[in-house]
Amino acid sequence: MKRSLVLAAVLLSACTNLPQQKMKPVPVQPVQPVAAEPELVPGEVVNSDNTEAMPTDFGLIFIDRDMSFHGTLPCKKCPGIQYQLNILQDGKFELRRDYIDRNTVELLQGTWQLDDRTLHLSSKQGKVPSFQFGSNQHLILLNAAGKPMVSKENQTLTRTSQFSRLDTRMPLLGLYQLKNNEASFIDCMTGENHSIAMTQHHMPMLRSYQTDPKLSGKAVVATMTARKSAEQHQALMVDKFDQFWPGATCPDKAATAKVQNLVWRLQTVSQISVPQKLNIRVMFDDNNRVYGFSGCNNFNAGYSQKDNQLKVMPIVSTRKFCNDANFYEQQFTKQLQTADRIEVNQQKLQLFKDNKVIMEFQPAVN
């Protein structure tokens with residue numbers, strides 16, 4: 001019995017001295033977070049393989065203050081249209097559209113209606129597209145079917161942090177006349193008759209008119225930049241005076257254009273499109289003189305025409321230098337002096353050299 005106890009103790013001691021085996025830890029599976037389901041607004045979608053959700057705050061869309069939206073939207077035959085759209089809390093809107101490189105500005109007014117997210121604009125002055133609020137900071141252009149435009153080009157106007165009044169300055173061409181110290185202007189494009197406010201920017205125009213015996217007392221075509229004054233019964237406030245065009249007449253779209261006595265704006269020279277903001281304009285008068293503005297400088301020259309044959313004498317011009325206009329001005333003055341034929345085709349004035357078109361013009365309306 002005693003011997004058995006000793007043997008058991010020896011065996012137990014041997015077992016306790018055996019090396020212990022290390023247990024491999026059980027890998028812990030990471031717990032995937034459960035995404036909270038978004039609270040969808042009617043008509044809103046979440047991201048999928050075919051759509052991309054856009055942050056919205058449709059519940060906050062209401063027009064209880066004046067708002068300004070800006071942006072450049074696509075144009076079929078120009079680089080784009082710069083928009084400023086003011087939505088006024090009294091149910092009215094005002095819109096300025098600048099057609100880039102056309103030197104054309106549209107000012108429209110009307111009323112708006114908000115239908116859910118769709119903003120309908122109505123104006124008696126012209127056609128205005130509808131928009132959809134993507135959020136209370138963005139307006140998305142809608143097509144004729146009332147759907148958001150699908151395009152790689154920008155289709156969105158963005159709200160500015162501060163409301164800004166509309167810039168109502170416009171390039172104008174029309175008949176200027178001074179009678180009894182009161183100046184008036186008839187817009188060639190619209191036929192509207194305006195008085196002109198006696199401001200400091202009008203003074204150079206007034207003096208030029210009064211000191212030239214060929215102009216004084218007569219209605220003469222003038223080009224300028226001006227805006228309508230709401231405070232002075234829509235009188236024009238001259239911002240910049242360009243020049244007078246003695247002998248010129250307003251263009252008539254219903255009649256076949258003639259070479260003489262129309263102000264022509266340069267469209268292309270040497271097959272290169274000319275930025276319309278340079279306002280390169282020319283007129284051939286009845287006294288065999290051609291003159292105008294070449295993008296940076298005023299110029300004039302003599303010319304002779306027999307049937308369609310043309311010869312332009314050496315040009316005399318002012319000598320200012322303008323970085324953005326220098327190339328086009330050099331091309332224009334060079335080609336004008338080399339032209340040997342002149343024609344009007346479908347309301348376009350074309351100048352030729354060796355039977356090749358070297359310049360094209362359209363009647364200037366502003």
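Residues are numbered from 1 along each chain as its sequence is written. Because this is a prediction, local features need pLDDT of at least 70, side-chain atom pairs count only at pLDDT 80 or more, totals for chains, interfaces and linings use all residues, and side-chain values use heavy atoms, without hydrogens or water.

**Exercise 1. Find out where Leu173 sits and what surrounds it.**

Step 1: Start with the element. Leu173 belongs to strand 9, residues 170-179 (strands are DSSP runs of E with at least two residues, numbered from the N terminus).

Step 2: Is Leu173 buried or exposed? Leu173 counts as buried because its relative accessibility is 1% (buried means under 20% relative accessible area, exposed over 50%, partly exposed in between, with a 1.4 Å probe and protein chains only).

Step 3: Now look for its surroundings. Beyond the neighbours within four places in sequence, Leu173 has contacts that include Phe185, Met189, Thr223 and Val263 (contact means heavy atoms within 4.5 Å). Thr223 is 50 residues away along the chain, yet the two C-alpha atoms are separated by 4.6 Å.

**Exercise 2. Describe the cavities of the structure and their linings.**

Step 1: How many cavities of 30 Å³ or more does a search of the whole structure find? The search finds two. A cavity is a set of points on a 1 Å grid over the protein atoms alone where a 1.4 Å probe fits but cannot get out, and lining residues have an atom within 4 Å of a point. Points are joined across faces, edges and corners, and the volume is the space filled by probe spheres set on them.

Step 2: The largest cavity holds about 50 Å³. Among its lining residues are Val105, Leu173 and Asp187, and strand 9 gives the most, with four residues.

Step 3: The second largest cavity holds about 40 Å³, and Leu173 lines this one too, along with residues including Val221 and Pro363. Its lining has eight nonpolar residues, one polar and no charged (Ala, Val, Leu, Ile, Met, Phe, Trp, Tyr, Cys and Pro count as nonpolar, Asp, Glu, Lys and Arg as charged, the others, Gly among them, as polar).

**Exercise 3. Work out how strand 2 is placed between its partners.**

Step 1: Strand 2 spans residues 81-87, and six of its seven residues are buried.

Step 2: Strand 2 pairs antiparallel with strand 1 over seven bridges (pairing needs at least two DSSP bridges). Here Phe69 has Leu85 as its bridge partner.

Step 3: Strand 3 also runs antiparallel to strand 2, joined by seven bridges, with Gln82 opposite Asp98.

Conventions
1 Å grid on protein atoms, 1.4 Å probe; cavity = no way out; pocket = protein on both sides within 12 Å on 5 of 7 lines; lining within 4 Å.
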